[in-house]
Amino acid sequence: MGAAPKQAIHLQGQLHRAFSIFMVDQRGRILLQQRNPRKYHSGGLWANSCCGHPRPGERTVTAARRRLNEELGVADPLSFGFFARYRADLDHGMKENESSMSISGACTRRPSPIRRDCQPRFASLAEIGRRIKREPKSFTYWMKHYIQNHHAEIARHIRAQR
């Protein structure tokens with residue numbers, strides 16, 4: 001894979017690397033984050049704890065640690081979970097075409113988001129599933145994909161972090 005600006009990749013729907021982090025509290029709940037309403041796609045929707053893309057030449061796990069700290073001020077250890085592959089048409093003409101590494105970690109202290117409008121929330125896997133069924137348009141495509149297609153792997157994430 002080569003390198004290109006993130007927005008161009010999503011406009012063209014090119015396959016690219018990504019990561020999705022699932023931070024878990026002591027009660028086994030996943031930290032959810034609502035995306036900034038002004039994001040270039042999926043703005044205002046609920047997603048997993050943190051997600052993003054490695055920079056050119058950056059290892060995926062290094063990128064995940066960097067981004068988690070940048071977004072939520074969290075520096076807890078992370079561990080590999082599973083790989084996922086998905087494609088989707090998004091809003092604003094954007095397309096997801098990702099090979100994503102799922103990563104988990106135990107959230108040992110309260111997140112301190114860099115955005116004032118970000119209100120991260122913890123929810124159980126069952127609660128997230130119910131909310132997605134009730135309000136599917138409130139969640140990002142990838143969050144719905146993970147819950148619907150990787151439920152068992154996420155449950156293993158949760159058990160491993162408790």
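Strand β2 is joined to strand β7 (residues 121–123) by three bridges, and the two strands run antiparallel. In this pairing, I30 stands opposite A123 of β7. This is a predicted model.

How enclosed is strand β2 by the rest of the structure? Strand β2 covers residues 30–34, and four of its five residues are buried, so the strand is largely enclosed by the rest of the structure. In a regular strand, side chains alternate between the two faces of the sheet.

**Salt bridges**

The structure holds seven salt bridges.

| Salt bridge | Closest N and O atoms |
|---|---|
| R55 with E70 | 3.9 Å |
| E58 with R66 | 2.9 Å |
| R66 with E70 | 3.3 Å |

Start with R55 and E70, whose closest N and O atoms are 3.9 Å apart. This pair links distant parts of the chain. R55 sits in the loop between β4 (50–52) and α2 (60–72), while E70 belongs to helix α2. The two residues are 15 residues apart. R55 has a relative accessibility of 45%, so it counts as partly exposed. E70 is partly exposed too, with a relative accessible area of 29%.

Next comes E58, which forms a salt bridge with R66 at 2.9 Å between the closest N and O atoms. Are these two residues buried or exposed? Both E58 and R66 are buried. For R66 the relative accessibility is 19%, and the cut-off for buried is under 20%, so R66 counts as buried.

R66 also forms a salt bridge with E70, with 3.3 Å between the closest N and O atoms. R66 and E70 are four residues apart in helix α2, which means that about one helical turn separates them. Salt bridges that share partners join R55, E58, R66, R67, E70 and E71 into one network.

**The start of the chain**

Where does A4 lie? A4 lies in the segment before α1 (6–12). Its relative accessibility is 41%, so A4 counts as partly exposed. A4 and Y86 are 82 residues apart in sequence. In space, they are 19 Å apart, C-alpha to C-alpha.

Key: Residues numbered from 1 in each chain as written. Predicted model: local features only at pLDDT ≥ 70, side-chain atom pairs only at ≥ 80, totals over all residues. Heavy atoms only, no water. Salt bridge = Lys/Arg side-chain N within 4 Å of Asp/Glu carboxyl O. Buried < 20%, exposed > 50% of the residue type's maximum accessible area, 1.4 Å probe, protein only. Pairing = 2+ DSSP bridges.
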